[in-house]
Amino acid sequence: MADLALANPRAPKRPAARRSNFELYSWLFMRISGLALIILVLGHLLIMNILDGGVHRINWGFVAGRWASPFWQFWDLSMLWLAEIHGGNGLRTIIDDYARKDSTRFWLKILLYVSMALILAVGTMVIFTFDPNMPAN
Amino acid sequence: MSTTASTAPGAEASDRAGASRRQGTFYRGDPGMWSWVLHRITGVLTFFFLFVHVLDTALVRVSPNTYDQVIETYKTPIVNLLEVGLVGAVLFHALNGIRVMLVDFWSKGPKVQKAMLWVIGVVWVAVMVPGAFFMMKRTVETLFGGN
């Protein structure tokens with residue numbers, strides 16, 4: 001056979017070390033967080049909107065009563081983080097699917113990540129620094 | 001690559017071909033495709049609501065009166081109706097999410113994906129009828145029952 005200097009045609013274009021499994025982990029995260037969110041979010045909606053008068057019994061005192069228990073604090077904190085990252089990752093996929101220009105994609109993602117950071121920071125701060133003895137005004 | 005379009009392999013008995021013959025060229029798709037569209041729409045709506053909801057809840061740190069004032073808007077008839085819509089959207093997203101996971105991880109999932117779509121439809125209605133009743137009860141009584 002003539003000696004053909006042909007590189008392996010099926011070799012990946014990028015060296016293996018540089019490929020990342022990010023999309024695999026994000027796919028897996030959507031399923032695991034989704035499973036947890038089914039309990040967390042449907043439980044939250046059932047308690048807040050349906051049982052025992054639903055939304056009409058919610059006021060500041062009701063929130064204070066719930067957050068007096070570490071169980072509900074932990075519930076709300078996990079729900080906040082999982083829902084925000086699950087939803088943010090979903091929106092990232094949607095931006096990738098529909099943005100036509102790289103610059104649009106870039107700025108939409110910046111907007112998304114900034115809003116996620118804001119919501120996670122504000123939400124976490126509120127759960128940890130809630131003051132049950134706050135004066136009414 | 002899309003993370004949720006995993007229902008295609010089991011899609012049989014599609015009505016695509018008939019659609020273009022009967023009424024022009026509008027692609028009517030397959031129920032599996034529409035469940036994917038609905039999954040996206042309900043997901044985006046819920047994400048936007050979450051943004052608003054974390055900010056309104058943050059008002060508990062401003063003052064009890066401020067929080068109570070804002071939370072009153074959640075009890076008005078129109079917002080109450082929107083809440084039923086939110087619960088419906090989240091419930092569909094949750095049920096269809098289970099279906100997507102079964103398609104992904106259960107060996108028979110792709111084969112029965114369409115049957116699972118009807119199952120989640122039935123479960124959705126079975127939960128939403130009493131759910132909407134209890135959510136709207138007080139609003140309807142106030143509106144039509146003369147307090």
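Mentor: Before we look at any helix pair, a word on angles: axes are lines fitted to C-alpha atoms, for helices over the stretch in contact, and angles run from 0 to 180 degrees between N-to-C directions. Keep in mind, too, that this is a predicted model.

Trainee: Okay, so at what angle do α2 and α5 of chain B pack?

Mentor: Helix α2 (residues 31-58) and helix α5 (residues 113-144) of chain B pack at about 50°, and their axes are 10 Å apart. That angle makes α2(B) oblique to α5(B).

Trainee: And is the crossing left-handed or right-handed?

Mentor: α2(B) passes α5(B) in a left-handed crossing. On the α2(B) side you'll find Pro31(B), Gly32(B) and Ser35(B), which meet Gln113(B), Lys114(B) and Leu117(B) of α5(B). Sorted by class, that contact has two nonpolar, three polar and one charged residues.

Trainee: Now the two chains. How many residues does each one bring to the contact?

Mentor: Chain A gives 38 residues and chain B gives 35 residues. On the side of chain A that touches chain B, α1, α2, α3 (70-98) and α4 (102-129) each supply at least two residues.

Trainee: One last thing: which loop holds Asp52(A)?

Mentor: The one between α1 (22-50) and α2 (60-67) of chain A. Check its backbone: phi of Asp52(A) is near 55°, a positive value in a residue other than glycine.

Key
Residues numbered from 1 in each chain as written. Chains lettered and ligands numbered in written order. Predicted model: local features only at pLDDT ≥ 70, side-chain atom pairs only at ≥ 80, totals over all residues. Helix = DSSP H or I, 4+ residues; strand = E, 2+ residues; numbered from the N terminus. Parallel < 35°, antiparallel > 145°, perpendicular 65-115°, else oblique. Left-handed = near helix turned anticlockwise from the far one by under 90°. Contact = placed C-beta atoms within 7 Å. Nonpolar A, V, L, I, M, F, W, Y, C, P; charged D, E, K, R; others polar.
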